[in-house]
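Hello,

Here is the structure I promised to pass on. Please open it first, then read my notes below.

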Amino acid sequence: MKITGRQFDRFSKLIYHSCGISLHDGKLSLLQARLAKRLRSTGIDSVDEYLKLLESDEQELINFLDVISTNHTYFFRENHHFECLCGDHLNIWCAASSSGEEPYSVAIHCLEKGFRPSILATDISTKVLQIGERGIYPIEKAKSLPTHILKRYFQKGHGQWEGHVSVKDDIKRMVTFKRFNLLGDMPHDKTFDVIFCRNVLIYFDRTTREQVINKLYNVLRCNGFLIIGGAESLTNIKHRYKYIRPSIYQKGSQP
Ligand SMILES: C[S@@+](CC[C@H](N)C(=O)[O-])C[C@H]1O[C@@H](n2cnc3c(N)ncnc32)[C@H](O)[C@@H]1O
């Protein structure tokens, strides 16, 4: 199965409009490999026919975004960012949480510091949200965690879960997983003390980054923090946040 230049353009436009991810030409082989998976699952063997399905079937679009999204994450990734968290931060949003390692790491960090926030974990991919909700990970994913953290917050899997660890229920109760597309309308009924939006802006172009960053501003409480990934920046973006230090921005005391 080969994708023509015209088909690649149709996929790129569809992906860009549905989730903001910009596919450049270098991503052709990646798209090809991931598309092959969906063609196998749907039993469709023509790329044009699959494109038609994608444009008309919302569930297939969700399935497609599941295979297209890059979900790489790990426990305590860039955990120096967590140092700005304090007991005032009881409502935290991980806005591209992937499979849960980020929100669970935040939860564990806060418990170790002596407070217990409630954490909303959202992502566009339903596949990773299910993993997060289940809270079970291959043991290698937890290898680098200090023994006392492993003992306190995880339990060893048995039977079919041999070789895995499970996040303890008490931690799971702190985190709510929901599907949310950062391109969509923000939930207006809630504001957050801290928003993590890490390692996702990198997939967006400048216009989309600017839109997302400014929408997050509206649901951040005054003096709240926005935390982005270490490889990301708000340079060349119009925004109202105060720069605190690399990756960390704050909303002023008045909106
Ligand atoms: C590389 S992971 C980053 C995970 C985590 N924040 C971290 O730093 O380890 C990027 C995540 O962004 C999600 N994503 C991509 N586009 C999105 C969108 N439009 N809305 C919400 N999530 C999106 C992907 O599904 C993926 O799980």
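**Ligand and domains**

The ligand lies between domain 1 (5-68) and domain 2 (79-250), because both domains give residues to the shell around it. Please keep in mind that this is a predicted model.

Which residues come nearest to the ligand? They are S69, T73, A96, S98 and N199, out of 24 residues around the ligand. By class, the shell holds nine nonpolar, 11 polar and four charged residues.

Now the two domains themselves. The domain assignment of the protein chain gives domain 1 as 5-68 and domain 2 as 79-250. Their centres, taken over C-alpha atoms, are 27 Å apart. Seven residues from domain 1 and 11 residues from domain 2 take part in the contact. On the domain 1 side, helix 4 (residues 58-68) gives the most, with three residues. That side of domain 1 has four nonpolar residues, two polar and one charged.

**The chain as a whole**

The protein chain has nine helices and 10 strands. Along the principal axes, the C-alpha atoms fill a box of roughly 55 × 55 × 30 Å. Of the 255 residues, 31% are buried.

**Nonpolar cores**

The largest nonpolar core has 44 residues. Those with the most contacts inside this core are A95, A107, I119, I195, C197 and L226. What does L226 touch, leaving out residues up to four places away in sequence? The list is I195, C197, L216, L220, Y241 and Y249. Another core lies apart from the largest one. This other core has 10 residues, among them I15, I21, L54 and I124.

Start with I228. This residue is found in strand 8 (residues 220-228). Is I228 buried or exposed? I228 has 26 other C-beta atoms within 10 Å, so it is buried; the cut-off is 20 or more. Leaving out residues up to four places away in sequence, I228 touches C197, R198, L201 and S247. K242 is 14 residues from I228 along the chain, and their C-alpha atoms are separated by 13 Å.

Next, a point on backbone angles. Most residues other than glycine have a negative phi. Two residues here call for a look on that score.

One is N199, with a positive phi of about 60 degrees although it is not a glycine. N199 is found in the loop between strand 7 (192-197) and helix 9 (206-218). N199 counts as buried, because it has 21 C-beta neighbours inside 10 Å. N199 is also among the residues that come nearest to the ligand.

The other is S247, which is not a glycine either and has a positive phi of about 80 degrees. Where is S247 found? The answer is the loop between strand 9 (242-245) and strand 10 (248-250). S247 has 22 other C-beta atoms within 10 Å, so it is buried. S247 is also one of the residues that I228 touches.

Best wishes

Definitions and conventions: Residues numbered from 1 in each chain as written. Predicted model: local features only at pLDDT ≥ 70, side-chain atom pairs only at ≥ 80, totals over all residues. Helix = DSSP H or I, 4+ residues; strand = E, 2+ residues; numbered from the N terminus. Buried ≥ 20, exposed ≤ 12 C-beta atoms within 10 Å, placed from the backbone. Near = placed C-beta within 6 Å. Nonpolar A, V, L, I, M, F, W, Y, C, P; charged D, E, K, R; others polar. Domains from an automatic or database assignment. Contact = placed C-beta atoms within 7 Å. Core = buried A, V, L, I, M, F, W, Y, C linked by C-beta atoms within 7 Å.
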